[in-house]
Amino acid sequence: MRYLPLTDTDRSAMLDVIGAPDVDALFVDVPPEAQLDGPIHGLPMHASEMAVEKHMRGLSKQNLAAADAPFFLGAGAYRHHVPASVDHIIQRGEFLTAYTPYQPEIAQGTLQMLFEFQSQVARLYGCAVANASMYDGSTACWEAVAMAGRVTKRSRAVLSGALHPHYTEVVKTMAKFTGDTIADARPSIQPKPDNSGLISRIDDETSCVVVQYPDILGRLSDLSEIAEAAHAKGALLIVVNTEPVALGAIKSPGEMGADIVVGEGQSIGVGLQFGGPYLGLFAVRDPKHVRQMPGRLCGETVDADGKRGFVLTLSTREQHIRREKATSNICTNSGLCALAFSVHMTLLGEKGLRQLAAENHRLACLAADKLAAVPGVSVLNDAFFNEFTILFDGDAREIVRELADDRILAGVSLGRLYPDVAEFKGGLLVAVTETTTEEDIETLCSALKEKLT
Amino acid sequence: MARYFTEEHEWIDVEGDTATVGITDYAQEQLGDIVFVELPDVGAMVDKGKDAAVVESVKAASDVYAPISGEVTEANPALEEDPALVNTSAEEEGWFFKLTIGDKSELEGLMDAKAYAAFVDEL
Amino acid sequence: MNAPNKSGWKPEMTADGGGYGPATHTGNRALMLDEALIFEIAGNDTTGVDLPEVNPAMPTRLGGLERKADIGLPGLSEPETVRHYTRLSRQNYAIDLGLFPLGSCTMKHNPRLNEKVARMPGFADLHPMAPNSTTQGALGVIYELAEWLKTLTGMPAVAMSPKAGAHGELCGILAIRAALEARGDARKVVLCPESAHGTNPATAAFAGYEVEDIPATPEGRVDLAALEARLGPDVAAVMITNPNTCGLFERDFRKIADAVHAAGGLVYCDGANFNAIVGRVRPGDLGVDAMHINLHKTFSTPHGGGGPGSGPVVFSDALAPFAPLPFVEKTADGFVLVEEETAREHHKQSFGRMTAFHGQMGMFTRALTYMLSHGADGLKQVSEDAVLNANYVLRSLEDVLYAPYANSGPCMHEALFGDKGFAEGMSTLDLAKGLIDEGFHPMTVYFPLVVHGAMLVEPTETESKAALDQFIGALRSVSERAIAGDESLKTAPHYAPMRRLDETLAARKPVLAWQDPAAD
């Protein structure tokens, strides 16, 4: 078997050294009734590389790849062009097959990369410190709520109605077990987010207010007034960002007063991957909150010769030391995705990120105008970055399914996100990125026009 | 002023109704380089034998217990800037917090310096 | 204080002046190349991509929220970027370089076919919320992998969405809590062996339980009598790793499970060490109710310098109804994703959702590729060779290194050593740093906590006999130096890109992000 280097000669020689007659003798502690006689029934035997590749390729061909269709899906996962060198770099064996950098003398590659990554994320988010990643945006969102509880010693979290419903579900699921109260809501179908409605829900028991920016409908608003209102009641503002490219065009959450900023980093370097692995980002605006952060942190130091180097630090927050009193149980996080993000961000630089963001927004504005010109379609948003909501009289979810049969991936319907809500039936989220062509936009407009007449 | 010791390696200096608490030199030696001390808030009530503070080294975090019950009146401000004081001067400048004593009888059962030294020898 | 510094680890850093030859102008030493931070190399006005220039006259609909202030992100051209990261990569040890003996991490070879398959556009370029009709192949992969996991473990159900092992532990414990609450029997305590991985008590505490330790016998296994004495109506579950973190199979596992069930509790098995028994033993036959599987351990998905992982959880019939959303089902019309909408009717006892989408698809394609490559016969050979390799290491070194359980019988896939016998002043840390100079990443050190100065060695099955022999020779040599009190170990490593780093300074004065010195 191509991945097993031992030969039968090796095995015999080793058994001699061990002093065992055969390998079964090494399993003597396993009760005989628990051991199987031979290979497990119901599974195939080993296969060649060629055979396995053929089987998997067959399965891959049963899917419609985003590159092969006009593509407008967003809702928390975005399709961007990842430069070719990113994938080559992450496949270097010294990155791909390395471990968590617990022995820093032989892990400076990973550690320096993490320090650069943390710095990039902190700056992008307008914060002082970012961690070395979490699983994804949704679990990072929950971890932020948990942290706000520790910092304020309160247990009531107020979630904006325009937070991604899957993120809301994750927070509500976890809160069932921690006893936190979650005050959530539904989004209002208005051109602007209902900030005053959100502010009115903040009280003296509130640990945090959680707002998505841009929100689930793609809307944008100034969060400073929410920050002030939260702080006035002793609560923290948590801002969730699911499209980091937006931050190349719009103000950072940190500069508007967010205390904790979390998000999904997938757009930069990681790719769609049918939902995972993704990249949770987590940052705090004020360094005084650092010891309450979950996840790994990489810090600068010097070695015995006085040379600058990097190490994992403040480890006493984490599970392997603090055990039941840890800030989180997280161990493995998303290191290789953090590398991909960091490489892509290094290639972009601020200049490239601003260009990328401008191009996304330009195409989105173009698409919005063209879609608004389709009879029966209106664009909801006053403001948006690269994703907006269109409304029409029809079942958007059904239309999306039908258009998929025509090989058009039209977007994520509000019905898909909020299946119970009849009023949302005619709503569709449309995401546009630098990978979208004007031809794609024309195709979508024509197809919708046809469905709606 | 009298100094007493617990089996959990805390020391307590008693002067009238107030006391000062810290960890012993033996304890700091076991921990290695101290990097952070989490002290109780002024005004907090601590209970004998229960968690009062946390002392962190690079790879360990240990709970420090209150040797007796009382109300915290002061937390050592020097430790925030310089946690290394606990290593260099655990039983003097590296004190953790002061408290007003709730019940003096709780001092019974605590060891004096000689008894603590003997206790440590057995470990 | 509670047991100050149970692990015994203390930072020690001494300088000895280096002395490798004449100083160079660059500070480099031939192929050992220093590399600055991106913030020191480039400014914020260069870029390595070709995008249209920003048109300041373009009308925008950003609600007046334009980002005016500098962000502070440096950009490098492609050649500079490739060089930067290539140089960084060369400062890392990796499985591709050599044996990586980390106990309980299962650092096996990461097959490159896995990488090729994961990148097929039909898998990589797929949005998680695309209509089911366009993703049948991907849903089929998840389903097929789920079937493999259930068959290998002998369990009827599996949750695929947890993002890593610790996330899987959480999934299992939350399912247990949901099941107990559903039968009106909420309990307060979870029992974990003292040798458990830190994620176990952290997970149980997060789920709202009080955690109590279960003692071990002198032979290194769970003390069944002590456990039985502690079981009662307040014990919700027991979390056991099997094989355990001392590298031993818990012979009494079935008895433990039966006792826990008889007392009304449930059994969580930490599957981190599944590599020792995969293909040979089914945890379902041992009475397990929930077990997480680390795809990045047993099933070869790459460690990536700290993730991403994937932690699916297999469930017994008792826990299956409580499994989290979403998951994949096979219907007459093909594969469907079950989310909150359909769960309401058919899966109403699900405890909820753990993550935004449906799991680590990129890890699923890799793991399924690995399983298809090995097949049932290959996987059985995997566990046999893993156990053979670990026993070979144990027996080759027990004369020189203290092996606390060497007389308990064979070890499983990992061998445990301790620092007894080292000269005064020599520590496991010193041995580990000496091993670095020999060209190996050290084994797991100071874990499990039950052995002083613990060293846990897991070679895995993808090591040749020659590689093992070289490792054994190196470990023997460094052990002998530790026993003899060789002072040069205290300043090791001497040949790595960095000397010992000041972890105390990093924790006392944390510097966690780049600060531009000019900006102050």
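Which residue ranges does the domain assignment of chain C give for domain 1 and domain 2? In this predicted model, domain 1 of chain C covers 113-368 and domain 2 covers 376-495, according to that assignment. The C-alpha centres of the two domains are 30 Å apart. Their contact draws 18 residues from domain 1 of chain C and 21 residues from domain 2 of chain C. On the domain 1 side, the touching residues comprise eight nonpolar, seven polar and three charged.

Confidence comes next. The average pLDDT of chain C is 94, and 97% of the residues score at least 70. For the model, ipTM is 0.97 and pTM is 0.96.

Chain C also contains an open sheet of three strands, ordered β10-β12-β11, with antiparallel pairing. Each of β10 (415-417) and β11 (444-445) of chain C has a single partner strand, so these two stand at the edges and one side of each lacks a neighbour in the sheet. Between β11(C) and β12 of chain C (residues 455-457), the antiparallel pairing runs over two bridges. Within β12(C), C:L456 is the residue opposite C:T444.

An open sheet of three strands is found in chain B too, in the order β4-β6-β7, and its pairing is antiparallel. Its edge strands are β4 (34-38) and β7 (61-65) of chain B, each of which pairs on one side only. On average, neighbouring strands of this sheet are turned by 25° against each other, with direction ignored. Four bridges join β4(B) to β6 of chain B (residues 51-57) in the antiparallel sense. B:V37 has B:V55, in β6(B), as its bridge partner.

| Strand pair | Sense | Bridges |
|---|---|---|
| β4(B) and β6(B) | antiparallel | four bridges |
| β11(C) and β12(C) | antiparallel | two bridges |

The remaining topic is the contact between chains B and C. Here 20 residues of chain B meet twelve residues of chain C. On the chain B side, α1 (25-31), β4 and β7 each supply at least two of the touching residues. β7(B) provides the largest share of that side, four residues. By residue class, the side of chain B that touches chain C has ten nonpolar, five polar and five charged residues. Both edge strands of the chain B sheet, β4 and β7, are thus among the elements that supply residues to the side touching chain C.

Key
Residues are numbered from 1 along each chain as its sequence is written. Chains are lettered from A and ligands numbered from 1 in the order in which they are written. This is a predicted model: local features need pLDDT of at least 70, side-chain atom pairs count only at pLDDT 80 or more; totals for chains, interfaces and linings use all residues. Two strands pair if DSSP finds at least two bridges between them. Axes are lines fitted to C-alpha atoms, for helices over the stretch in contact, and angles run from 0 to 180 degrees between N-to-C directions. Two residues are in contact if their C-beta atoms, placed from the backbone, lie within 7 Å. Ala, Val, Leu, Ile, Met, Phe, Trp, Tyr, Cys and Pro count as nonpolar, Asp, Glu, Lys and Arg as charged, and the others, Gly among them, as polar. pLDDT is the predictor's confidence in each residue, from 0 to 100. Domain bounds come from an automatic or database domain assignment.
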